[in-house]
Each structure stands twice: as structure tokens, then as C-alpha cells.
Amino acid sequence: MGVAIGCDCGSARIPFVFRFFAKNLLKACVLVLVVSFVVFLLVDLSPVDPVQANVGQAATLSMSEAKRAQLEAYWGVGESLLERYGRWLWGLLHGDLGTSLRYDEPVAQVIAERAGASFALLSIAWAGSGLLGFVLGVVAGMAHRRWPDRLIRGWCFAMTSIPSFWLALIALMVFAVALGWFPIGFATPVGLAQADVSWADVAHHLALPAICLTLVGVAPVALHTREKVIEFEAGEVADFCRLRGEGPWQRFWRHGLRNVALPALTLQCASVGEIFGGAVLVEEVFSYPGLGQAAVTAGLGSDVCLLAGIAVVTSLLVFGGNFAADVLYGVVDPRMRSAREAARAAKEGPLASLVDRPEDYDVPRSGAEEVGRGDTI
Amino acid sequence: MATPYDVARERSSRAPVIVAPHAHALPSRRADLARVLALGTALMLLLAVGAVLAPVAQEADFLAKNLPPSLAHPFGTDWMGRDMLSRTVAGLTLSASLGLLAALAAAGLSLVLGCVAALGGPAADAFVSGAIDVVMGLPHLVLLILVSFAFGKGFVGVAMAIALTEWPRLARVVRSEMLQCRGSDYVLAARRLGQGPVRVAARHLVPYVLPQFVVGLVLLFPHAIIHEASLTFLGFGLPPEVPAIGSILSESMAYLSTGAWWLVALPGAALVLCVLAFDILGRSLARLATRGGAL
């Protein structure tokens, strides 16, 4: 994982844990800088006229010069890239993410409000798709080449070809419009004061989007787990278990689970970004007032500060997912720790020159790369 | 009276079977080839038909609006009385060709960046890996929105968005394959004989990664088409009168509550079938390219 920060240089006296966290903190800072600069650069490149995009073509043509100049100043037309970015960065250092031009509120406030709604949706979908995908993957792997396997695999391949927004549309059509089981949109009932909204209402509005997003996220982790289970079943450990007379589920419970759970966990941690991408589309379909909808509004309305804020927050979310995977690897799998220690010993020992770059500080992300067509948005 | 022989025979016929061997068909190369040819032809036909149907798809007939599917209009008609079947086919054609174009560009970019990483020295390698990390560090859809906005939305915006965000996965594969190849004896010999990096890349590295690259390219197509549809669905793509599959679906969203199910269900199902066809095509090609190996 190569944002090239020379951080392997820490001396052996600093504890590993400290170095690990310091390195990742530095990485996160660099990521925020790069991502925010990319956002400002891209917005600066854009030929879209923010005034026209927000007030419409007819209004733009008919408005007076003075009015137009005032609006242009509001949307920051004609400001240079570095000026704008410098101002934003200076604000960021003071804890100020700028003001959203579309919502006319501080960006931090907009994001906080929206993140609350999105957080429930994202976390339910994340955990749900992880669990369901894992169970399906295990069932398919244990029933390798028999009908449950064929069924689950076929379903997963179909799911990777279904755009999440279409699935959401169909769900909306069947369960909300035709059957009337769920509300058609929004996070709370229309025409009700915020104070009067009960938890049941919130859950009722959340259910259908969460189910859609869960189903969308199932395929990658199920297919990946299936591969790992098949691998385990073909291995020596499983053979030995068979010789001892252990049945398939006993053998899986005692030995397979912990071998299979780790890659699935890593993959699921690395798929936070994909789930967020799906959430953008699903929120749009259900008019659900979350972060994804705000991102679309900001993009369509040239709201630079809000775009930058959302990009930074979501990239930190993705980074956090990968970081959690790294940490969990060390916690869950003792072999990782001993491999790290061995590599460090080798690095500092007399044979240091023979050892290639110790990759072990960056835990191999076998998950995300092997899956191929893992992501669906 | 049963002889011991009979008893033994009786027992052996009742003996539990511990492992029953299943009969598994090996992946058939001929079937894969047939699949590739059939799907390839079908998709080409779709593109051709879509190009022909594009003008028909714009024709409005207000006498026949909001009709459910019938023999005359198998996919029904919309609020302007336009035939949804021709609109769907035209939209699919546009989406697919845009996706193909963008995927080609993305694959080209990943090949170039792979070469740069493998031959440009440690600094170039670090730069390429850093770029891959940054692009993969943002949620894909957020980046798609950003890039399409940067290029002014529309046809160019969508194409650039897909081309500039779809490459990292393939670039990673290409880079690691090329790094492997770079260490091989014949490349070292070529370098020692004084061949420059461009020549080495063209004569040794690119041919080495070509099979993987082609497979990766074909497997990019379904992604690219889904992303194209998503972007146009969100309104970052083409003007509403151009029938892209995403804009058709986002337009039909307004008619969901009136019960016009065919406006959403049928075009979307066509999109799924098209993506699935590209996916199966890619997988069959992958099996052919790797001589029956798993991919």
C-alpha cells in the first residue's frame, strides 16, 4: 500500500503499536490533503457555470448585471484555484469546513445532520450484508457443486449485474406502491413535527432502503467466502477431520470458521466505499435525506465546500475501514503478529540485506483483490 | 443355506459408501468459444439495431400514451406515447457504446501506468501506487460524480468519469505482472544489450501481460455500463431527451406511483441482461485465455 511515506525508518526502541498508529495517522492526513486538493482541482477544471446551474438558464439570461455579479461573488466564480483551496485549508485547520452554498448552513452541520440518517442505513446494510453473505458463502462452499451451491452462486452472479438503483426501484414498486407495506420515501412521515416522530416510524422508513442495500452488498462476500470454504474443505486439516470422523458442520465449526472468517471480515471492511456508493443511489430512489443525497445535490449544484467535505468524510470512512481490517488482522490472527515480529527480527538482524522490503506492516489485502468483479454499486 | 460367500456379498452390497464420486464436467473450451461467439454477435447486433432505432425512439404519439405492454408495443409506451422497446434498445446501445469506449480508455490508461511503474524507477512506481491508493481511497461513486462534474457532465463528462476512475484495479494487476516479468532473464538481457525502456515495454512487457489485460478489459465492460447507467440515473449524464438507459429509468421513477410498472421493470431488466451478457462473455474469454484455469 504505497502512499510513499518513509515511515519504516522508526527505530526499534519505539513500540510497534505506537509506530503503527503514528504511521496510519500520517497516512490519513496525507489522504485528506490529497483528496481535498483533487476535489478543488476538479471543480476548478469544470466548465459548468454555477450561477446558471442553480438559478436556471432563463433566470440567468434575464437578470441584471449587478445581480449577476452578486451571485457570481456568492458562488466564487473567478477565484483562482490556489486562493480557494488555501482559504479552505486555513479554515480546516481552525475546524471550519466552510459554508454550504446550497443549504446555506455550515458544511459540518449539514454533514452531521445527514450522517445521522445515513449512519443507520450504512451500518445496518454493512453488518447485514456481511453476515448474510458469510452464511450464504459457507452454505455454498460446504455444498460445493450441489444445488444449494449452484443456486447461491447463480444468485450472486445475477446480483453483481443488477444496478442497485434498479433493485431499489423494483422494491419500491412492489412493496411500497403495489403492496403498500412500506412508505414510498423520506426518513420520517410527511407533515409531522420532528419531535412527534417515533422510533417505529423511523424504523419503518428505514427498512426497505436497508434491505435493498443489504441485498446489493451480499454478493462479493458470499462468493469470496465460498472460495475460501472450498479451499479449506480441500485442505489437509479438513482431510484429517474426516479421518477422525467429524461431520461437515462439526469440522467447519471447530476448524473452518476461524480460517474463513478473517478474509471475509477484511473484505467487508474494505467494502465500506462500495456500500456508500450503493447508498448514494438507494437514497436517491427513496428520497432518503442522507449523505449520498447531499453529495448528489452538491455535485449538481456546484457546491464546492460541501463536495469537499463529503469527499473528505467518505474517504476517511474508507480509510477507517481498511485500518480496522489491519488492526483486526493482528488481533484475530496470532500468526500475523509472530510473522511481524519475525520479519522485524530479520530486518534488524545480521541478514537484514537479504530480506526484501518487509511487507508485513501492510497486511496483505488478499480479499479485495481476488474477488475480481467484487463491487456493485 | 447361505454360504459365507453369499453373506460377504450381501454385506458388501449394503456397505456404506463413504465417498460417492460426483461426475463433474470439465470446463468445455468448445462451449466457452461458442458462448463468446454467440454473445459477441448478439451484442454487436444490439449495437447495430440500436443505431438504426435511434430516430424511431424519439417519435412521440400522443394518441398512444401510457399504454401497458401489448403486441404493438411490447415494452409499452411512456407519457409522450414513445415506444419503450425502441427507446430501451436505443438507450442500451448508447449506454453500452459509451461504456465500451470508456472502458477501453481506462484499460489503455492502466497499461500505460503499469509500464511507467515497472520501468520508470522507484519514484515513478511510488507515484503510480500512490495514485492507485488515492483513487481507490474515495468511494467510487463520489469520484464518478466529481470527475463527471469536472468535465462538464454530458457525454464527455460521463466517458471521462468512467475512464479516469475505472483503471486502478486493472493497473494493479498489470503492474504486478510487469514487475514479475521485469525480473526475468530475457528482460535483464535485453536491458544489458542496451534496449531502452520503451522498446523493452513494447517488445517484452506488453506481450507478456496481454492475455490478462484483454480479459481484464472485457471484465471492465459490465462495470462501465452499470456505472454509466448510475451516473445518468443521478442526472450527471446526458440531457433528458437522449435515451440513455439511466435517464429512461430516472424519468420513469416519476410514474412509479401511478402504477406504470413497465416503464421501470422492462428497461431495467434489459440493462441487467446486457450487463450479464458482457459478464458471461468476459468469464468465458478468461477461461479460454487461461486454458481452463480458474479465474
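Visitor: Which helices of chain B each supply at least two residues of the lining of the second largest cavity?

Guide: Keep in mind that this is a predicted model. The helices to look for are α3 (84–119) and α10 (245–252) of chain B. Of the contributors, α10(B) gives the most, with three residues.

Visitor: What residues line the second largest cavity?

Guide: Go and find Asp78(B), Trp79(B), Met84(B), Arg87(B), Ile248(B), Glu251(B), Ser252(B), Tyr255(B) and Leu263(B). Sorted by class, that lining has five nonpolar, one polar and three charged residues.

Visitor: How much space lies in the second largest cavity, and how many cavities of 30 Å³ or more does a search of the whole structure find?

Guide: The space in this one is about 50 Å³. The search turns up three cavities of 30 Å³ or more.

Visitor: Okay, now helices. How are two packed helices described?

Guide: You give the angle between their axes and the distance between the axes. The crossing of α7(A) past α11(B) is right-handed.

Visitor: Which residues meet there?

Guide: From α7(A) you have Phe157(A), Ala158(A), Thr160(A) and Ser161(A), and across from them in α11(B) sit Val272(B), Val275(B), Leu276(B), Asp279(B) and Arg283(B). Together, the residues of this contact split into five nonpolar, two polar and two charged.

Notes
Residues numbered from 1 in each chain as written. Chains lettered and ligands numbered in written order. Predicted model: local features only at pLDDT ≥ 70, side-chain atom pairs only at ≥ 80, totals over all residues. Heavy atoms only, no water. 1 Å grid on protein atoms, 1.4 Å probe; cavity = no way out; pocket = protein on both sides within 12 Å on 5 of 7 lines; lining within 4 Å. Points joined across faces, edges and corners; volume = space filled by probe spheres on them. Helix = DSSP H or I, 4+ residues; strand = E, 2+ residues; numbered from the N terminus. Nonpolar A, V, L, I, M, F, W, Y, C, P; charged D, E, K, R; others polar. Left-handed = near helix turned anticlockwise from the far one by under 90°. Contact = heavy atoms within 4.5 Å.
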